Amino acid sequence: MNIKRFGFAGVFAAFALAFSTLVAPSASASTEIVVWADESRGPNLVKALAQKTDWVPGYTIKVVTFSGFDALKAALDLATDSSGPDIVVGANDWVPAFAKSGKLAPYVPTASVKARFNPTQFLDLTYKGKLYGVPVDVNNVAMIYNTKLVSSAPSTFGDMVSTYKSLKASKGLKAGLCIAGGGMSWGAHSVFSALGADAYQFNSRGGIVYGRTFSATVFGQNVRKYLMDGKKSNGFFPATDTGCKDNFLAGTVPYAVIGNWEWADYVAKGFTMNLMPVPGVASGTYGHMFGSVSGALLTSFAAKHGTEAGAKSLLTNFFASTDGQVRYQNLEKRPPAEKGAQTDSSVSAAQRGFGSAASLAGIPQIGAFLNNNKGGASYWDSAPAYWTAVLIDGKDAVKEASKLAAIWRVNVEAGKGDL
């Protein structure tokens with residue numbers, strides 16, 4: 001899933017280019033904060049940090065840029081007390097392994113910093129109850145609608161189905177809602193959730209609930225009601241993502257789930273960035289999308305370099321601030337994680353839209369559950385198999401939902417010990 005979530009593909013040669021941004025007039029090694037990043041984020045961090053001189057008074061910030069995300073991870077694997085960075089901008093799924101190996105150090109945000117983020121974003125960067133950094137980029141999908149076919153945002157899932165049925169013949173629609181970005185597992189979780197099936201359950205405090213899963217009866221009956229015509233699909237939601245993007249761009253699908261790595265393709269075709277989560281069955285509810293984050297992670301090397309205080313200040317003053325994230329994401333063009341930056345008028349409508357959707361309905365992507373196959377199949381395999389079984393093979397939506405619920409419940413239970 002790394003390509004979909006981070007937009008990086010392939011393996012790059014492991015070399016690095018170093019850049020420096022002068023924050024304060026001090027050249028002492030003990031006051032140099034070293035930040036490692038990939039080939040896109042690194043140069044943009046250099047430019048953003050250079051726009052102000054007081055992010056961390058008394059410190060010089062050096063950004064080391066690696067040739068790719070894989071090269072960055074490989075370098076951190078080999079890093080030592082003397083060679084390692086003070087902060088690394090990396091993936092949320094790096095946190096468990098590097099925290100366990102002792103290469104990351106806990107970061108305790110203030111109450112004001114906590115308030116700037118969706119709590120589930122902190123969960124993405126947490127291991128064994130300790131937080132290891134600051135959320136920077138949101139990696140998610142959101143729904144877009146074609147304003148030439150639809151005049152306003154739908155309030156409910158049923159609204160979309162009704163619109164599709166009313167326009168199907170006159171507009172030659174090929175589907176109502178389809179998955180253009182993220183595939184039928186990752187991208188389609190929004191549709192599962194909108195109809196009542198989440199991969200895992202949360203309590204009112206944001207904690208994982210074990211031993212419980214979604215109601216197969218409720219979900220299955222919603223599938224029958226909104227997606228079926230008897231034992232056949234009504235055509236609203238295809239069981240495959242094949243052709244979705246092309247069909248949406250051609251104006252034969254009114255609603256599509258797209259990825260935040262591809263929004264420029266839609267802007268180039270003149271589409272409005274009216275991004276939102278997939279609406280639920282009831283008005284005011286939304287289907288949850290996986291809204292993982294990349295983060296600026298504090299390393300244990302900082303304490304050994306004598307720069308831990310400065311590194312923590314950089315996390316707070318730059319990476320966790322509205323000002324810092326706006327300046328950075330205006331260059332990086334990814335959806336910012338910080339709430340103030342998500343609504344800032346200087347970032348693009350697409351960035352604001354994806355960020356807002358994530359704040360409304362994002363949940364963390366927890367590999368310990370999703371990659372697990374103790375229930376007989378992983379989430380990634382069982383999710384698209386459900387759509388095939390029901391929408392293509394004509395199997396009973398409730399019976400297949402019962403099988404799916406059992407798989408997901410066992411997988412979550414089995415993955416508990418890996419958190």
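These notebook entries record what I looked up in the structure.

**Entry 1. Conventions.** I worked on a predicted model, in which local features need pLDDT of at least 70, side-chain atom pairs count only at pLDDT 80 or more, and totals for chains, interfaces and linings use all residues. Residues are numbered from 1 along each chain as its sequence is written, and side-chain values use heavy atoms, with hydrogens and water left out. Helices (H or I, at least four residues) and strands (E, at least two) are DSSP runs, numbered from the N terminus.

**Entry 2. The sheet with S8.** I looked up the strand order and found an open sheet of 3 strands, S8-S14-S9, with mixed pairing. Strands S8 (141–145) and S9 (177–179) stand at the edges with a single partner strand each, so one side of each has no neighbour in the sheet. Neighbouring strands of this sheet are turned by 30° against each other on average, direction ignored. I noted that two strands pair if DSSP finds at least two bridges between them. S8 and S14 (residues 255–259) run antiparallel and are joined by 5 bridges. Alanine 142 stands opposite isoleucine 258 in S14.

I then checked the burial of S8, where buried means under 20% relative accessible area, exposed over 50%, and partly exposed in between (1.4 Å probe, protein chains only). Of the 5 residues of S8, 5 are buried, so the strand is largely enclosed by the rest of the structure. Val141, Met143 and Tyr145 cover one side and Ala142 and Ile144 the other, and all are buried.

**Entry 3. Strand S4.** Strand S4 (residues 87–91) is mostly covered, with 5 of its 5 residues buried. S4 pairs with strand S2 (residues 32–37) in the parallel sense over 2 bridges, and valine 35 stands opposite isoleucine 87 in S4. S4 and strand S16 (residues 292–298) run antiparallel, joined by 5 bridges. The bridge partner of isoleucine 87 in S16 is leucine 298.

**Entry 4. Helix H2 and its packing.** Two packed helices are described by the angle between their axes and the distance between the axes. Axes here are lines fitted to C-alpha atoms, for helices over the stretch in contact, and angles run from 0 to 180 degrees between N-to-C directions. Helix H2 (residues 41–49) packs with helix H15 (residues 322–332) at about 135°, with the axes 9 Å apart. That makes H2 oblique to H15; angles under 35 degrees count as roughly parallel, over 145 as roughly antiparallel, 65 to 115 as roughly perpendicular and the rest as oblique. Arg41, Asn44, Leu45, Lys47 and Ala48 of H2 make the contact with Arg327, Tyr328, Leu331 and Glu332 of H15, contact being heavy atoms within 4.5 Å.

I also looked up H2 against helix H14 (residues 308–319): the angle is about 80° and the axes are 13 Å apart. H2 and H14 are therefore roughly perpendicular to each other. Leu45, Ala48 and Leu49 of H2 contact Leu314, Phe318 and Phe319 of H14.

**Entry 5. Helices H10 and H19.** The axes of H10 (residues 216–227) and H19 (residues 379–392) come within 12 Å and cross at roughly 50°. The two helices are therefore oblique to each other, and H10 passes H19 in a right-handed crossing. Phe219, Gly220, Val223 and Leu227 in H10 meet Tyr386, Trp387, Val390 and Leu391 in H19.

Buried residues of H19 include Tyr379, Trp380, Tyr386 and Trp387. Just after H19, glycine 394 takes a positive phi of about 75°.

**Entry 6. Leucine 227.** This residue lies in helix H10. Leucine 227 is buried, with a relative accessible area of 0%. Leaving aside neighbours within four places in sequence, its contacts include Phe157, Leu195, Phe236, Trp387 and Leu391. Leucine 227 and alanine 397 are 170 residues apart in sequence and 9.9 Å apart in space, C-alpha to C-alpha.

**Entry 7. Helix H17.** The 13 residues of H17 (residues 349–361) should span 18 Å, and the end C-alpha atoms are 18 Å apart, which agrees. Among the buried residues of H17 are Ala350, Phe354 and Ala361.

Methods. Expected span 1.5 Å × (residues − 1). Left-handed = near helix turned anticlockwise from the far one by under 90°.
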